[in-house]
Amino acid sequence: MSNKGSWFKNIDELMVLACLSQKPCYCSEVVEFINSYRDDEHKIEHNAVYTALYFLRDKKAVEEQDARITEGKKRVYYNLTPAGRIYFEQFLRDYRAYISASEDILGESTKLNDK
């Protein structure tokens, strides 16, 4: 599985993978996890998480577990597959390399502006 494309667009996918790498979760748990690290202007919405989950499911990176009924609500839990764990680890390496190169470029830009 390859993740080439707009990093900014795919960051939600990476955040969903990070959450599921810790434990199986249902959508609202993923939303709460991600939003616990974001400020109010950058909160993730349920529809963005569902979009990422369905994309990852189609890629066989996540699988749906048995739904559980809790407080009258059906909750579908999503679990990272072995292929999904490999995909997450590669995605994370690529992301870190991209961020490192971006920081280098922006650092050089700052040096030029200081002159």
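This note goes through a predicted model of one protein chain, point by point.

1. Basis of the note. The model is predicted, so that local features are reported only at pLDDT of at least 70 and side-chain atom pairs only at pLDDT 80 or more, while totals for chains, interfaces and linings use all residues. Residues are numbered from 1 along each chain as its sequence is written, and side-chain values use heavy atoms, with hydrogens and water left out.

2. Overall layout. The chain contains 4 helices and 4 strands, where helices (H or I, at least four residues) and strands (E, at least two) are DSSP runs numbered from the N terminus. Along the sequence these elements follow the order α-α-α-β-β-β-β-α. Of the contacts with a separation of 6 or more, 54% are between residues 24 or more positions apart, a contact being heavy atoms within 4.5 Å.

3. Surface and burial. The accessible surface of the chain is about 7800 Å², and 51% of this belongs to carbon and sulfur atoms; such areas come from the Shrake-Rupley method with a 1.4 Å probe, and for residues only the protein chains shown count as cover. Of the 115 residues, 31% count as buried, where buried means under 20% relative accessible area, exposed over 50%, and partly exposed in between (1.4 Å probe, protein chains only).

4. As an example to look up in the structure, V16 is in contact with V30, I34, V49, A52, L53 and L56, once its neighbours within four places in sequence are set aside.

5. The whole structure holds 4 salt bridges, each being a side-chain nitrogen of Lys or Arg within 4 Å of a carboxyl oxygen of Asp or Glu. One of them pairs D12 with R38, whose closest N and O atoms are 3.2 Å apart. D12 belongs to helix α1 and R38 to the loop between α2 and α3, so that the pair links parts of the chain 26 residues apart. R38 counts as partly exposed, because its relative accessibility is 22%.

6. A network around R57. R57 forms a salt bridge with D58 at 3.7 Å, N to O, and E64 forms one with R57 at 3.0 Å, N to O. Through these shared partners, R57, D58 and E64 are joined into one network. R57 is partly exposed at 31%, and E64 is partly exposed at 40%, whereas D58 is exposed at 57%.

7. Two residues worth a look. K60, in the loop between α3 and β1 (62–64), has a positive phi of about 65° although K60 is not a glycine, and K60 is exposed because its relative accessible area is 60%. R75 lies in strand β3 (residues 73–75) and counts as buried because its relative accessibility is 15%. Leaving out residues up to four places away in sequence, R75 touches Y26, D66, A67, R68 and T70. The side chains of R75 and Y26 also make a polar contact at 3.3 Å, that is, a pair of N or O atoms within 3.5 Å, where within protein one must be able to donate a hydrogen and the other to accept it, and residues adjacent in sequence count only if both atoms are side-chain atoms.
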